[in-house]
Amino acid sequence: MSRRSTRRPASRHPVNRELFDEAPMGARIADGVTGFLGSWRFLILQTVLVLFWLAGNAYLLSKPFDPYPFILLNLAFSTQAAYAAPLILLAGNRAAQRDRLTLEHAADETDVAEKQNERLLGGNTEILKHVQALEERILQLEKRIVDSLEKRT
């Protein structure tokens with residue numbers, strides 16, 4: 001039975017290398033937790049746990065471990081929310097940082113491409129000047145040939 005690899009392959013993009021491959025342990029944990037909290041697996045697991053909690057208390061109606069209004073369940077949800085909110089904010093901040101670094105990287109790449117395009121356009125302009133000079137020279141030669149043929153006749 002093979003287990004899915006939890007290890008990400010090394011990133012090629014410099015922003016991803018900085019934010020994921022070289023991220024500190026706390027940031028990687030926060031990303032993992034928020035990734036789990038925002039998944040269907042978590043929603044289903046939490047729903048099943050709450051249903052068992054409610055069913056267990058309904059079954060043990062004479063001596064429930066968490067009688068209505070389910071103070072212990074509310075405490076568990078409050079604790080979960082107290083930890084989830086800062087982790088979600090941390091993940092949001094990292095996403096904003098990733099977006100900013102990605103845009104900066106894209107802008108740098110665009111600057112490089114723009115300089116290359118300017119060099120290519122300059123080269124094309126020089127080629128067009130040479131082609132134009134050659135066309136003028138060809139026209140002059142054609143004119144001389146036509147003139148010399150007309151003189152013979």
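The backbone nitrogen of Phe 42 lies 3.2 Å from a polar atom in the side chain of Ser 39. A polar contact is a pair of N or O atoms within 3.5 Å; within protein, one must be able to donate a hydrogen and the other to accept it, and residues adjacent in sequence count only if both atoms are side-chain atoms. The model is predicted: local features need pLDDT of at least 70, side-chain atom pairs count only at pLDDT 80 or more, and totals for chains, interfaces and linings use all residues. Residues are numbered from 1 along each chain as its sequence is written, and side-chain values use heavy atoms, leaving out hydrogens and water.

Now take the whole chain. It has four helices and zero strands. From the N terminus, the order is α-α-α-α. Helices (H or I, at least four residues) and strands (E, at least two) are DSSP runs, numbered from the N terminus. Of the 153 residues, 12% count as buried. Buried means under 20% relative accessible area, exposed means over 50%, and partly exposed is in between (1.4 Å probe, protein chains only). The chain exposes about 13100 Å², and carbon and sulfur atoms supply 63% of that area. Accessible areas come from the Shrake-Rupley method with a 1.4 Å probe; for residues, only the protein chains shown count as cover. Among contacts (heavy atoms within 4.5 Å) between residues at least 6 apart in sequence, 53% join residues at least 24 apart.

Return to Ser 39. It sits in the loop between α2 (25–37) and α3 (40–59). Ser 39 counts as buried, at 18% relative accessibility. Phe 42 is buried too, with a relative accessible area of 12%.

Next come the rings. The structure holds two aromatic pairs. Rings of Phe, Tyr and Trp (its six-membered ring) pair if their centres lie within 6.5 Å; planes under 30 degrees apart count as stacked, over 60 as edge-to-face and the rest as tilted. Phe 36 and Phe 42 have ring centres 5.5 Å apart and planes at 75 degrees, so this pair is edge-to-face. Phe 36 is partly exposed, at 33%. Trp 53 and Phe 65 have ring centres 5.2 Å apart and planes at 75 degrees, so they too are edge-to-face. Trp 53 lies in helix α3 and Phe 65 in the loop between α3 and α4 (71–152), so the pair ties together parts that are 12 residues apart in sequence.

The loop between α3 and α4 also holds Phe 70. Its phi is near 60 degrees, a positive value in a residue other than glycine. Most residues other than glycine have a negative phi.

Trp 40, Leu 43, Ile 44, Val 48 and Phe 52 make a nonpolar patch of about 580 Å². Patches are made of residues with over 30% relative accessible area and no salt bridge: like charges are joined within 9 Å, nonpolar side chains (Val, Leu, Ile, Met, Phe, Trp, Tyr) within 5 Å. Trp 40 is in helix α3. Trp 40 is exposed, at 67%.

Last, the charges. The structure holds three salt bridges (a side-chain nitrogen of Lys or Arg within 4 Å of a carboxyl oxygen of Asp or Glu). Asp 99 pairs with Arg 98, with closest N and O atoms 3.8 Å apart. For Glu 104 and Arg 100, that distance is 3.7 Å. Both lie in helix α4, four residues apart, about one turn of the helix. Glu 126 and Lys 129 meet at 3.9 Å, N to O.
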